[in-house]
Amino acid sequence: MDGIKKFSKKRTLCFGGILTGFLNGLFGAGGGMSAVPVLKGAGLEPNSAHANSVAVIVPLSMFSATIYLLNGTVTFSDALPFIPSGVVGAAVGALLLHKIPSKWMRRIFGAFVLWAGVRLMLK
Amino acid sequence: MTWLSVIAGFLSGLIGGLGLGGGGVLLVYLTAFTDTAQQKAGGINLLFFLPVGLVAVIVYALKKQIKWKTVVKMWGLGGIGVVLGSTLALVVDTDVMSKIFAAGLIIFGTMQLLPSGVFKRKNDKNSGSFR
């Protein structure tokens, strides 16, 4: 039984790892949605899974970004207008983490994403 | 650099810093609220995520929170996925990609609005470790 569980864990890690990279390369985002559950399945606690998912995704994002830059899909100047304020925003967000009720944040964010999805579908 | 891009960047970073959106908030904004092509928006989002993600990883590593053995395994496997995904991004029509992405956003947004326990399996002695 332990052998079966180990094999199942390995298979989950394998499939999940490839899926993480696939989403990252295809859309430029979304890899975290598969990385976090895969890492939890590998035995990590939820907070640890989140931290480790970032460690997984950063090099994969570097790899994806290099491919996008090399084939001319994007240039540094396209992203530059967003980066400085983004870094400030991320720092503020990290400081506010755990200070705002997560249930309501999740729902407000979900409503925004749903609205954006419908808008994009109808474009 | 316009005020709109400064605000969009700040809000995207803020929401990401709050632990929401998985580093894709700017991508959502660019695709749904501007005329940026899907693949280009993905590239912008990747470049946008890198500085913040790098700082976060350094902090986690200094706090000894990274399980390097597992992370390195996922890098190798993820690298295969990146090649597959980015190749597909090059060949798929941008409108088709944006509709697929839109469908994903609708599903993800709906899931966030549902109660958090809806998709969890009941506790079962015989269930596997992966939930």
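## The salt bridge

A salt bridge here is a side-chain nitrogen of Lys or Arg within 4 Å of a carboxyl oxygen of Asp or Glu. By that rule, the interface of chain A and chain B has one salt bridge, and a search of the whole structure also finds one over all chains. The partners are Asp78(A) and Lys40(B), with their closest N and O atoms 3.6 Å apart. The pair crosses between chains, running from helix H4 of chain A to helix H3 of chain B; helices are DSSP runs (H or I, at least four residues), numbered from the N terminus.

## What you're looking at

This is a predicted model, where local features need pLDDT of at least 70 and side-chain atom pairs count only at pLDDT 80 or more, while totals for chains, interfaces and linings use all residues. Residues are numbered from 1 along each chain as its sequence is written, chains are lettered from A in the order in which they are written, and side-chain values use heavy atoms, with hydrogens and water left out.

## How the chains meet

Counting contact as heavy atoms within 4.5 Å, 85 residues of chain A touch 86 residues of chain B. Together the two chains bury about 7300 Å², 79% of it on carbon and sulfur atoms. That buried area is the accessible area (1.4 Å probe) lost on putting the two parts together, summed over both.

There are also 19 residue pairs in polar contact across the interface, both residues at pLDDT 80 or more. A polar contact is a pair of N or O atoms within 3.5 Å; within protein, one must be able to donate a hydrogen and the other to accept it, and residues adjacent in sequence count only if both atoms are side-chain atoms. On chain A's side, H3(A) gives the largest share, 19 residues. The chain A residues that touch chain B split into 56 nonpolar, 23 polar and six charged.

Note on methods: Helix = DSSP H or I, 4+ residues; strand = E, 2+ residues; numbered from the N terminus. Nonpolar A, V, L, I, M, F, W, Y, C, P; charged D, E, K, R; others polar.
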